[in-house]
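I opened this structure today and kept short notes as I went. Come along if it is new to you too.

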Amino acid sequence: MQRFYITTPIYYVNDAPHIGHAYTTLACDALARFMRLDGRAVHFLTGTDEHGQKVEKAARDGGSEPQDFTDKVSQNFRDLARELDISNDDFIRTTEARHKACCSELWRRMAAGTAPNGESNIYLGKYAGWYAVRDEAFYGEDELTTGPDGRKRAPSGAEVEWVEEPSYFFRLSAWQDWLLDYYSTINPDFIGPNTRRNEVLSFVKQGLTDLSISRTTFSWGIPVPGDPKHIMYVWLDALSNYVSALGWPANEGDPAGLFAKFWPADLHMVGKDIVRFHTVYWPAFLKAAGLEPPRRVFAHGWWTVEGQKMSKSLGNAVKPAAMIAKYGLDPVRYFLLREVPFGQDGDFSQAAMVRRINTDLANDLGNLGQRVLSFIQKNGGAVVPQPGAFTPEDRRLLDATTALMPVLRHELGQMQAFNRALEAIFAVVADANRYVDVQAPWTLRKTDPARMATVLYVLADTIRRVAILLQPFMPQSMAKLLDQLAVPPGPGRDFARLEQALVPGTALPPPAGVFPRYQEAAT
Ligand code: MSP
């Protein structure tokens with residue numbers, strides 16, 4: 001069986017979950033569900049990033065010990081996953097023992113290995129330079145700007161501070177040629193979309209400097225093996241989650257273990273702000289430790305809200321729970337993945353959300369289901385109709401759904417183009433609505449009942465196919481629609497059964513609308 005390992009970034013627990021976090025997780029969930037329905041063995045991981053200076057500071061500012069603080073706030077991200085109906089197989093916290101053991105071993109392996117230039121991968125030195133706690137990242141002087149307040153800031157807008165302390169370094173500079181080779185020759189599909197790939201390539205071509213990978217001025221983290229005054233750089237700690245959650249190193253060599261089954265990861269989904277960590281540092285760390293690099297990293301864009309950046313100070317962060325309460329879970333899931341080409345930035349506006357709900361979901365898909373199923377209920381004896389021979393128009397509509405499968409495999413599996421996948425499915429929904437108008441079953445009822453039955457059959461089966469294909473995006477609503485078509489939960493809803501049509505004569509329960517129109521409550 002083909003395997004698929006997909007991961008979200010692990011979330012910093014200092015922030016309350018907002019729609020931006022929900023977005024990454026949701027995209028991964030849609031893909032994980034798609035792959036499962038397509039017959040693959042899937043492992044889908046998410047979790048929380050709990051060490052480092054930023055989290056330690058958030059805990060102390062709130063008067064708590066870091067461990068108590070992280071225990072409490074990590075739960076918010078688990079709750080988010082439940083609110084969004086996320087199908088993750090595991091949830092990792094970097095404060096867990098399994099993770100700490102993995103990080104220590106990864107460090108030891110890196111330290112034991114040599115860089116391509118023959119020197120050791122890790123060496124002790126002194127870091128003197130700029131650090132942004134908000135990004136947990138080091139910056140060169142040339143990357144900074146000075147604001148009107150005289151403070152220096154990183155390109156992300158985060159304030160930087162001068163840090164001078166003993167530090168272990170990773171010999172990243174020596175991995176530059178291997179990285180360029182990896183991007184260009186060994187794995188040209190490593191980074192998506194192309195704009196990000198080009199950015200990373202030019203960053204690496206400019207020349208890499210060695211990376212500071214330990215800190216000594218605070219203590220909330222994993223100690224460096226053999227030198228516990230140092231704690232590991234939080235990004236080395238965090239990135240390791242992708243292998244620690246698979247049970248490495250404990251199950252190394254066990255062919256039935258998760259690591260053997262699922263590493264290297266098929267896809268690390270990340271936001272555009274954390275591409276460098278995943279595409280430069282992470283593959284180099286792994287290679288230095290003698291492990292395989294991941295197969296692909298895809299970076300999506302950022303959401304603004306009503307045209308503005310989401311921020312604590314503006315207090316405009318959109319809370320997923322509030323959106324779900326207002327619009328329903330599946331409409332929110334649909335909107336986020338349909339509205340913006342995945343990879344580009346997008347704006348979350350209530351007006352756009354309502355437009356999508358009322359146009360795509362209520363008018364196009366909802367109405368198709370509702371008018372066909374209630375017509376069958378009233379005029380077709382409330383059973384799956386018995387079709388006669390199919391006309392070319394009938395075949396065209398049925399074939400259109402079958403033809404979607406390779407398109408979806410490409411758009412989702414290879415390109416992570418959620419919007420294009422949804423567009424393709426909804427083009428068939430539009431075809432089906434046109435087919436209803438042209439075939440006019442209400443007229444056939446009087447003139448040609450046998451033909452009416454065929455038309456209704458073709459429509460019911462098209463709705464079944466569309467509902468099966470939309471399950472990854474809107475699992476709960478599509479389950480309801482498939483219930484109304486009397487398709488039992490389980491393997492009958494897998495992609496492999498797309499062409500195994502409805503059985504004439506099967507009793508159909510009374511239909512109920514799946515997507516109500518959204519109307520602003522009168523004030
Ligand atoms: N802890 C690190 C990731 C470590 S992975 C080994 C981190 N955490 S984060 O909580 O700050 O961000 C997690 C993800 O949320 C990132 O992919 C980031 O891009 C995404 N988003 C945060 N705000 C966002 C928006 N406003 N819009 C879209 N995604 C955003 O970085």
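This is a predicted model: local features need pLDDT of at least 70, side-chain atom pairs count only at pLDDT 80 or more; totals for chains, interfaces and linings use all residues.

**Notebook: sheets, helices and spaces**

I began with helix α3 (residues 66-83), which lies across β1 (3-12), β2 (41-49) and β3, running at about 155 degrees to β3. Here helices (H or I, at least four residues) and strands (E, at least two) are DSSP runs, numbered from the N terminus. The axes are lines fitted to C-alpha atoms, for helices over the stretch in contact, with angles from 0 to 180 degrees between N-to-C directions. Contact itself means heavy atoms within 4.5 Å.

Residues are numbered from 1 along each chain as its sequence is written, and side-chain values use heavy atoms, with hydrogens and water left out.

**Entry: the six-stranded sheet**

I asked in which order the six strands of the open sheet come. I read β3-β2-β1-β14-β15-β9, with parallel pairing; two strands pair if DSSP finds at least two bridges between them. At the edges I found β3 (90-93) and β9 (191-192), each of which pairs on one side only.

Strand β14 (residues 267-271) runs parallel to strand β15 (residues 297-300), and four bridges link them. M269 has F298 of β15 as its bridge partner.

I looked next at an open sheet of three strands, ordered β17-β16-β18, and its pairing is mixed. The edge strands here are β17 (308-309) and β18 (346-348), each pairing on one side only. Strand β16 (residues 303-305) pairs with β18 in the parallel sense over three bridges, and V305 stands opposite F348 in β18.

How many bridges join β4 to β8? I found ten, between strand β4 (residues 122-132) and strand β8 (residues 161-170), which run antiparallel. L124 has its bridge partner in β8, namely Y168. β8 is also joined by two bridges to strand β10 (residues 211-212), again antiparallel. There F170 is partnered by L211 in β10.

I checked helix α12 (residues 329-338) against α19: their axes come within 7 Å and cross at roughly 120 degrees. α12 and α19 are therefore oblique to each other. (Angles under 35 degrees count as roughly parallel, over 145 as roughly antiparallel, 65 to 115 as roughly perpendicular and the rest as oblique.) L329, D330 and R333 of α12 make the contact with P475, Q476 and S477 of α19. By class, this contact has two nonpolar, two polar and two charged residues. For the classes, Ala, Val, Leu, Ile, Met, Phe, Trp, Tyr, Cys and Pro count as nonpolar, Asp, Glu, Lys and Arg as charged, and the others, Gly among them, as polar.

I wrote down the rule before counting. On a 1 Å grid over the protein atoms alone, a cavity is a set of points where a 1.4 Å probe fits but cannot get out, and a pocket is an open set with protein on both sides within 12 Å along at least five of seven lines; lining residues have an atom within 4 Å of a point. Grid points are joined across faces, edges and corners, and a volume is the space filled by probe spheres set on the points.

How many cavities of 30 Å³ or more are there? I count two by this rule. The lining of the largest cavity divides into five nonpolar, five polar and no charged residues.

The second largest cavity holds about 50 Å³ of space. Y11, T25, T46, G47, F77, L80, A81 and F91 line the second largest cavity. The lining of the second largest cavity divides into five nonpolar, three polar and no charged residues.

**Entry: an open pocket**

I finished with the second largest pocket, which has a volume of about 680 Å³. Of the 31 residues in its lining, R296, G413, Q414, M415 and Q416 lie nearest its centre. By class, this pocket's lining has 13 nonpolar, nine polar and nine charged residues.
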